[in-house]
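Thank you all for making the time this morning.

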Amino acid sequence: MTTNTSVIGKPEIRKDAAFKATGKAQYTADLQPEHAAYAVLVRSPHHHADILSIDKTLALQQPGVIAVITAEDIPGLKTFGLIPDQPALAINVVRHIGEPVVLVVAADKASAQSAASKVVVEYKKLNAVLDPIEALIDPSPLVHPAGNLLAQFNVESGDLDSGFSKADIVFEETFTTQRVAPAYMEMETSLASYHPDGTISVWVSSQEPFIDRARIAAALNLEVEKVHVLSTVIGGAFGGKEDSSLAIITAIAAWITKGTVRMVNNRSESFVAHPKRHPVKIHLKIGAMNDGTIIALDGKVWLNTGAYASYGPAVGSLLTEMVAGPYNIPNVTIETKVIYTHTPYSGAMRGFGSPQAHFAIESAMDMLAERLNIDAVEIRRKNILQTGDTLPTRVHLNETALGLEPILQHASAAVARLRKVKAKPGKHSGVGLALAMQSMGLGNGIPDNSNHRLEWLPDGRVLIHLGVPDLGQGLVTVAEQITAEALGLPFEQVVSSPFNTHTVLNGGVVCASRMTYLVGNAMIAGAKHLIQELIDQAATLLNQPKDQITYACGRITLPDGNTLSASEFTSRAAEQGNPILVEASACFPYPEATTPQHLPIGLPHVKFLFGAQVARVEVDAELGIVEVTDLVAIHDPGKVINRLGAEGQIEGGVVMGIGYALYEDMSLKSNDQWINCFTEYLLPTSLDVPINLEVQMLEYPEGDGPYGAKGLAEICTVPTAPAITNAVYNAIGVRVKDLPITPEKLYQASQTHIGNHQDTTESKR
Amino acid sequence: MNKLTVHFTLNQQSIRLETLAARSLLDVLREDFALTGAKDSCGGDGECGACTILLDGEAVNACLVLISQVEGRHVLTIEGLTPDGSLHPIQNAYVQAGAIQCGYCTPGMVMATKALLDHTPQPDETQIREALAGNLCRCTGYTKIVQAVQFAATELHHDN
Amino acid sequence: MFDCEVNVAKSCTELTQILIEPSARILAGGTDILPGMRKNSIGKPITLIDVSQLNELSYIREHEGQIDIGALTTHSKLITSPLLLQHAPALIDACASIGSTQTRNRGTLGGNLCNASPAADSVPPLLCLEAVVTLSSHDNQRQVPLSDFIIGPGRTCLKQGEYLDHITFAVPQKHTGTSFMKLGRRNGMSIAVVSTSVLLRLDQQGNIEYARVAFGSAAPTPICSHHAEAALTGKTPSAQLFSEAAQAMRTDINPIDDLRASREYRLHSAGVLLQRALQTAWHQAEMDLR
Ligand SMILES: Cc1cc2nc3c(=O)[nH]c(=O)nc-3n(C[C@H](O)[C@H](O)[C@H](O)COP(=O)(O)OP(=O)(O)OC[C@H]3O[C@@H](n4cnc5c(N)ncnc54)[C@H](O)[C@@H]3O)c2cc1C
Ligand code: FES
Ligand code: FES
């Protein structure tokens, strides 16, 4: 491996940027093949109801209608999911508002919509349970027959009771977080085309096209080879596009009508019928010594996972691992319950449980620091994880944690600097800090490999057949840079092919902060194969001994010292019908010897990312308005592969965190409808983000990462909310334990407590 | 539903269009002219700006313009920003600044930027943030977008 | 696709003829009515009357101490008007706070009034200016004080066949200060949680000779607070006085609990905003005195 990298770390310009800037990039909804039909869904208006009857007659008589489809028309499996509890179209019962019930296919969108309004579904409303704690109490309405407790996770280390009995101080707090939406700008969309040879092509906007393929095949009762899943440009995903729902439904529509069908969700459908970040309640009991050392932590967690499992259990398990935060606590017990309710389902979303866990622990750290009269930085320094420490999951930390202490140092400097900035007249300023930890990888026991192909083109360029789509985050660029580096080629010489399950290998699900690591390692491995193949070609063609031929920077050096360009051989190989095409694979390591095996599948994780954010706020205490004026984000991605891309990830993650802290809340309105539009669900605009958003990247290489790289995409959104609530507390003495911070909450609390510096707001969720 | 005939200029071309009247300009651009640069993200609430185009030089949400309202007017979409489809200095600035991730918001952002710089060639940061407040981006956090507008302003200024 | 008919008015005369149709609804900037139709919150059937060709309804003019604003004047045009900057800066601040650039480029003053939202930002400053609206129909023209024009959430006193032609107010006298303040849930594109506008005129001694106080999002319609006005009139401005006005206004406003805020918070923040708005207007008026 070269140490003097020439492509890595450079702000290379992603190759799709110009295409996107000119509006030429076509997202799935932009594909409008002639004669494509359009399908829309009739969705549940109820939280919970029996479907008594569905009358299609009138709808079928509408002009342009091609088919009106219900669950019974689905030829194969009618449900899907990791836990296959989710019907593609409702079967006899609906479990949340927005659940797909009837699928109407028509010649165009207007006809489909008007026909859909003519479908008559007769419901019998049933009692619904929306609150996860109530859902566990007998006799709560059942969401699924087996009970409302979908999954439970328990992690234990040390001896909790003896820990608490030794502690100088023990305190308990409850924190709650709200339901938020990934709110990618491109809504869910799919295009499916039936082919007369009995195959089907499905364009998806998805993080998991191979899983979509398997599910589509199962729903249509087809062999997987008969399903081609393709993707064009994707308009953001953030976890929420780990969801096959619309892809399956579109495929069903195309299959049954033997045609081409487009579907595009509108924003309100995207809100109610696709994964959200879990609303969570976390109760922490913490025991500490007077010097600030935490010796015991008892955590109880309830996740409202909504009507269907989606990735809920996985989020619950990861959250469990994160409850103790980036701290070394000897005696820990954590119990997490993932609970069904009749609400829109929650699933994967950037951070995957970690933002909720950190909101709790990082708030609690500041609360503890105050009780013990210790500085917020100091108390963290006392407790942070060090290499060699053991996590509550019994994982021994290796060099993966090296960056944490320097991160805290940088954060400390930022805190000191920002504390000196004076508030504008009439405002109270405050500075808050939060650390964060995020696991990488899918977790022990889950197959975690990523397969791709590299092809050396006749003209000497290298083509990556990436087994995953780019969601917008820039994965393709990272893969190209690493490949270019590994082959000593200029960045421009490496290109990528569009995603199609028929032409690429299975690269896995694009998630879990592991794509740079995994794809990067795959590219390096593939590059080695390419070089070997090239040398073999050269050896055969020129009749020279293999071991005396060397490769560097796109050229072959022969034993006599002459050099030839790679294209001399790649073109020859292609002419002979044997293009140089190799597999490029990598597997996320869970070494048997060092990975504890006592936990359920998916646990534990063994590699972690760390970061810190420092927020400075100015609070208008009279009105309860919080302005985040400065935010310093300090992260350790191991090695920066693309500076522009990495900064962009962090900046975007921070702003998503600001939305989480201050604005976003997909709650139930007084009319019993969910907030489902951007008029009511407020995303941060360009005027709602800190003018001073500073990114600092420390690079503590991961030994087995590609050029030392780890990951970044999720952790940058994890510490933002607690950094802001801590800053608000620092400014006006109001502790928000119930996200989001609203002017209302600050006002209510400050009624009695302004300047008192006491914990006030109580959780209502 | 009634039909009508509308005459307007679309990216410098004269258009005569007979269409159902109750359609938005966004739908017409995307469906009748295959100009899919302008996007829908909020479902026509006017809240996202992904559908931003220029109407007589002003940034407007194409989802909130009824097709009859463009009679006699000039419509400029992202596809018409440069006559040959090459990169306009604003687009180039977005590319160079790393202001494009998923790119879904980009055409709308670029058009809002164009309107801003046409009216205010050297905006300060507040003016930039205000001009783009109607364009949501979920990926970038806006920092690099603001930088792109600053680059573009400088670039266009030098060109003049 | 919208579920409606569309008719294009080529002249004001034609407009009055088409408006007789019971289903007729004016489409001005469309920034309220089009999202409303998409959400099915507007009764059907609808015939939209596109008035985009009626340039004669877009103007800002001064004559004989009066300012007339054509109903179809967009917010963008309004906020760049030197005339309004001089005489009605609070109206400029209010209209500048509406939506985004894109919204303001389309949305009209007439639309903001006729939509009759309790949160319509242009209304409080216009109430302070005692604006009068002129309503036209094919055989009649009448003038109605703005305070009588909006009669409930989404309801005006427009009759079948009538349209809002223009808005008129008198150029404020000397020694007047005005201000507008709005509290939203975020900075960009924010609907008012509560808003207030005030107009203060000082006499030569610096006492308040005349006061107008109005609120948005604080009652079923934007409203004036006559109690606050009474508390201010004839008094010497001071923080204490402003706080008394903020107390007095509580008997006039009647905010609701909704998604954006509770009644209680609205009552509180209306008071805070009012005191700040009074300070600003007072300083302006004082500058005018010197
Ligand atoms: C993203 C967004 C943000 C917004 N933010 C704000 C905000 O912060 N504050 C605010 O006050 N508003 C806001 N609005 C609402 C809206 O933009 C304003 O109310 C605007 O002024 C409406 O004007 P318009 O011309 O678009 O009205 P239209 O939608 O065309 O019409 C509104 C109503 O008035 C009727 N009408 C219009 N003109 C006349 C006339 N001359 N005579 C009779 N009837 C007429 C129409 O028939 C319709 O019923 C926002 C809208 C959007 C989309
Ligand atoms: S689609 Fe969102 S503003 Fe037009
Ligand atoms: S780049 Fe993805 S929404 Fe802006």
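Let me begin with Lys182(C), where a polar side-chain atom lies 3.0 Å from an oxygen atom of ligand 1. Please keep in mind throughout that this is a predicted model. Two further contacts belong beside that one: a polar side-chain atom of Asn112(C) lies 2.7 Å from an oxygen atom of ligand 1, and from Gly30(C) a backbone N or O atom lies 2.8 Å from an oxygen atom of the ligand. As for how much of ligand 1 the protein hides, the cover amounts to 94% of the 970 Å² of accessible area that the ligand has on its own.

Which elements of chain C give two or more residues to the shell around ligand 1? They are β2 (24–27), α7 and β10 (163–170), and the largest share, four residues, comes from α7(C). In total 33 residues surround the ligand, and the closest are Ile26(C), Gly29(C), Thr31(C), Asp32(C) and Thr108(C). The surrounding residues come from chains B and C, so this site is shared between chains.

Staying with chain C for a moment, Ser117(C) is placed in the loop between α7 (109–115) and α8 (123–128), and with a relative accessible area of 22% this serine is partly exposed. Ser117(C) and Ser217(C) are 100 residues apart in sequence, while their C-alpha atoms are 8.3 Å apart in space.

Glu173(A) and Lys737(A) form one of them, with 2.8 Å from N to O. Glu173(A) lies in strand β10 (residues 169–177) of chain A, whereas Lys737(A) lies in the loop between β30 (734–735) and α18 (743–753), so the pair ties together parts that are 564 residues apart in sequence. Are these two partners buried or exposed? Glu173(A) is buried, at a relative accessible area of 9%, and Lys737(A) is buried too, at 4%.

A second bridge joins Glu694(A) to Arg417(A), at 3.3 Å from N to O. Here Glu694(A) belongs to strand β29 (residues 692–697) and Arg417(A) to helix α12 (residues 404–419) of chain A, so parts that are 277 residues apart in sequence are tied together. Glu694(A) counts as partly exposed at 30% relative accessibility, and Arg417(A) is likewise partly exposed, at 39%. Elsewhere, salt bridges that share partners join Lys424(A), Arg616(A), Glu618(A), Glu627(A) and Asp630(A) into one network.

Finally, the aromatic side chains: a search of the whole structure finds 13 aromatic pairs over all chains. In one of these, the rings of Phe210(A) and Phe499(A) have centres 5.8 Å apart and planes at 85°, so the pair is edge-to-face. This pair links distant parts of the chain, with Phe210(A) in helix α6 (residues 209–220) and Phe499(A) in strand β22 (residues 499–500), 289 residues apart, and both phenylalanines are buried. Phe271(A), Phe678(A) and Tyr681(A) form one aromatic cluster.

Rings also meet charges in chain A: the charged end of Lys285(A) sits over the ring of Phe164(A), 4.4 Å from its centre, and the charged end of Arg277(A) sits over the ring of Tyr660(A), 5.3 Å from its centre.

Conventions
Residues are numbered from 1 along each chain as its sequence is written. Chains are lettered from A and ligands numbered from 1 in the order in which they are written. This is a predicted model: local features need pLDDT of at least 70, side-chain atom pairs count only at pLDDT 80 or more; totals for chains, interfaces and linings use all residues. Side-chain values use heavy atoms; hydrogens and water are left out. Rings of Phe, Tyr and Trp (its six-membered ring) pair if their centres lie within 6.5 Å; planes under 30 degrees apart count as stacked, over 60 as edge-to-face and the rest as tilted. Buried means under 20% relative accessible area, exposed over 50%, partly exposed in between (1.4 Å probe, protein chains only). A charge sits over a ring if NZ of Lys or CZ of Arg is within 6 Å of the ring centre and within 35 degrees of the ring normal. A salt bridge is a side-chain nitrogen of Lys or Arg within 4 Å of a carboxyl oxygen of Asp or Glu. A residue is near a molecule or strand if one of its heavy atoms lies within 4 Å of it. A polar contact is a pair of N or O atoms within 3.5 Å; within protein, one must be able to donate a hydrogen and the other to accept it, and residues adjacent in sequence count only if both atoms are side-chain atoms. Accessible areas come from the Shrake-Rupley method with a 1.4 Å probe; for residues, only the protein chains shown count as cover.
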